[in-house]
Amino acid sequence: MALLEARGLQAQYGWTKVLHGIDFAVEEGGITTILGANGAGKTTTLRAVCGMVRTAGEIRFAGQRINGRATEDLVRLGIGHAPEGRGTFVNLTVEENLRLGAYARRGGGSVAQDLERVYGYFPVLAERKKQAGGTLSGGEQQMLAVARALMLRPRLLLLDEPSLGLAPLVVREILRIVRTINREERVSVLLVEQNAAVALGLADRAYLMETGRVVMSGPASELRQNDAIRRAYLGY
Amino acid sequence: MEIFFQQVVSGLATGGIYGSVALALVMIYQATDVVNYAQGEMAMFSTYIAWTLINAGVPYWWAFFGTLVISFVGGVLLERVIIRPVESAPILTIVIVCIGLLVILNSVAGWIYSYIQKPFPSPFPPKPIMLGTVVFGAHDLGAIGVTLVVLALLYAFFRFTTLGLAMRAAAQNPVSSRLCGIRVGWMLAIGWGLAAMVGAVAGMMVAPIVFLDPNMMAGILIYAFASATLGGFTSPGGAVVGGLIVGVIENLVGTYVHFIGTELKLTVALALILIVLVFKPSGLFGRATIHRV
């Protein structure tokens, strides 16, 4: 069953329509990626899921319709978001950043335990836990964004271009951890990316967006073989 | 030399009051980026509430804490009802709304309680404390003590509680805060409530000295602005230290610079604001903030 499902999803900023009715789904326990160039509407898609932009059409999460609900309430349903630009609280320490991630968490268990858990995934954050978030490097801030979202113990993790501006080694490291989290904690993932090579390597389902529309979709392995995608996005 | 110490001591006492109003200003500024010009009148109004309770026979400390609760609720309501609708308006709009609030609170207080000065009790014994030849007023010492306690409590609240952390987060990065599930609007309202409480403490500490009337905070607000500017608008501790410094400078200049005396004292505060803004705009303890435009 799909954990997240969008049908005819539209979104607009003011009078400008950015999504023109797209369909996509994230399976329970699956990893879905949405690919596309700058301005295709990838970030807007994530914002629509989080209730950060006006939408029309339908979005369902775990069977219930979630359109028009406040971001703060959607977080409480278990939707964790590592946003575009990483959303670091630059003047707060790394550990305070992480504690904020657990602010709206449901269920028991201590925050300390969850801190240990994410420090286990990202040891570099443990080394820097007393440091202000703004002093971290780009890659470390991206790890912090993912770790902060994990503190929620999310059912669904939204990742907005985690590869942007990072060295290939760092990207690989982050995505390796995402895969581990997905397998071991059964967290479903919706990943939007420009970097088709890494995204298709990770995902089981993929969509290609162009100017606010889905132009191609299918199993990730199939899109990887597609000639058009290979030429335009994979470069071989 | 005795006169000097005496002036320093009484300067510290009034400085404590300036510091606590400055603290309230800084808190709202930190939480919402708004300078609340109505802060003084809010404190004045809270003090009238305390006066009403005490006159109705409520024991002092019950009235004190009762006033804090009422002020907190009042501050939250003001933010929800008056500031909320203009929250995303340009800064000038919010400033004008705050000034409007100042005028309204002042007139309403005058209308309900009249403009006649009223005595307000001090919780501290009237007996002065002598240390050598320097006289410490018990109320003055008490007021400084209360200010420091308030500062310590606020520090602990923001530093060690989850709600305090969420409020700092909401002030810094509203978008990320919402993604963490923090209800940003309510954090701002709670910030106003806390500032109203801090202001109420300042009002109840200053009223025994200057007497209670609707205009009692007008001069104090200017000193508080000088304190917050000197300490740095981004530093709560700086606001209190700034207050103490302003109180001492005010007294010393009033005593030793004869043409200033008591009449021109307020000018000292304004001159100080100007000097700080020209030479060190971020204040003694403040951080220079960078705004992306």
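In the predicted model, the contact between the two chains takes 17 residues from chain A and 15 residues from chain B. On the side of chain A that touches chain B, helix H2 (71-77) and helix H3 (94-101) of chain A each supply at least two residues. By class, this side of chain A comprises eight nonpolar, five polar and four charged residues. The model as a whole scores ipTM 0.91 and pTM 0.85. For chain B, the average pLDDT is 88, and 98% of the residues score at least 70.

The secondary structure of chain A consists of ten helices and ten strands. Its C-alpha trace spans about 45 × 40 × 35 Å along the principal axes. A compact globule of 236 residues would have a radius of gyration near 18 Å, and the 17 Å of chain A agrees with this. Of the 236 residues in chain A, 48% are buried. When contacts in chain A between residues at least 6 apart in sequence are considered, 67% join residues at least 24 apart.

Chain B contains eleven helices and two strands. From the N terminus on, its elements follow the order α-α-α-α-β-β-α-α-α-α-α-α-α. The C-alpha atoms of chain B fill a box of roughly 60 × 50 × 35 Å, taken along the principal axes. The radius of gyration of chain B is 19 Å, in agreement with the value near 19 Å for a compact globule of 293 residues. Buried residues account for 47% of the 293 residues of chain B. Among contacts in chain B between residues at least 6 apart in sequence, 73% join residues at least 24 apart.

The largest nonpolar core has 163 residues. Those with the most contacts inside this core are Val146(A), Ala147(A), Val21(B), Val198(B) and Ala224(B). H8(B) provides the largest share of the core, 18 residues. With neighbours within four places in sequence left aside, Val21(B) is in contact with Gln39(B), Gly40(B), Ala43(B), Gly199(B), Ala202(B), Ile220(B), Leu221(B) and Ala224(B).

Three of the residues in this list, Ile220(B), Leu221(B) and Ala224(B), are also among the buried residues of H9(B). Helix H9 of chain B (residues 217-231) has 15 residues and reaches 20 Å from its first C-alpha to its last, close to the 21 Å expected at 1.5 Å a residue. Twelve of the 15 residues of H9(B) are buried, so this helix is largely enclosed by the rest of the structure. The buried residues are Met217(B), Ile220(B), Leu221(B), Tyr223(B), Ala224(B), Phe225(B), Ala226(B), Ser227(B), Ala228(B), Thr229(B), Leu230(B) and Gly231(B). Their cover includes helix H1 (2-32), H2, H8, helix H10 (236-256) and helix H11 (265-279) of chain B. H9(B) is followed by Gly232(B), which has a positive phi, near 110 degrees.

Helix H3 of chain B (residues 60-83) has 24 residues. From its first C-alpha to its last, H3(B) reaches 32 Å, close to the 34 Å expected at 1.5 Å a residue. The buried residues of H3(B) are Ala63(B), Thr67(B), Leu68(B), Ser71(B), Phe72(B), Gly74(B), Gly75(B), Leu78(B), Glu79(B) and Ile83(B). An α-helix has 3.6 residues a turn, so residues three or four places apart point the same way. The buried residues of H3(B) pack against helix H2 (39-55), helix H4 (91-113) and helix H8 (184-210) of chain B.

Backbone angles were also examined. Most residues other than glycine have a negative phi. Arg186(A), which is not a glycine, has a positive phi of about 55 degrees. Arg186(A) is found in the loop between helix H7 (168-185) and strand E8 (188-193) of chain A. This residue counts as exposed because it has 10 C-beta neighbours inside 10 Å, the cut-off for exposure being 12 or fewer. In chain B, phi of Phe211(B) is positive, near 70 degrees, and this residue too is other than glycine. Phe211(B) lies in the loop between H8 and H9 of chain B. With 13 C-beta neighbours inside 10 Å, Phe211(B) counts as partly exposed.

Technical notes. Residues are numbered from 1 along each chain as its sequence is written. Chains are lettered from A and ligands numbered from 1 in the order in which they are written. This is a predicted model: local features need pLDDT of at least 70, side-chain atom pairs count only at pLDDT 80 or more; totals for chains, interfaces and linings use all residues. Helices (H or I, at least four residues) and strands (E, at least two) are DSSP runs, numbered from the N terminus. The expected span of a helix is 1.5 Å times one less than its number of residues. A residue is buried if 20 or more other C-beta atoms lie within 10 Å of its own, exposed if 12 or fewer, and partly exposed in between; C-beta atoms are placed from the backbone. Two residues are in contact if their C-beta atoms, placed from the backbone, lie within 7 Å. Ala, Val, Leu, Ile, Met, Phe, Trp, Tyr, Cys and Pro count as nonpolar, Asp, Glu, Lys and Arg as charged, and the others, Gly among them, as polar. pLDDT is the predictor's confidence in each residue, from 0 to 100. A nonpolar core is a set of buried Ala, Val, Leu, Ile, Met, Phe, Trp, Tyr and Cys residues joined through C-beta atoms within 7 Å. The radius of gyration is taken over C-alpha atoms; the globule rule is 2.2 Å times the number of residues to the power 0.38.
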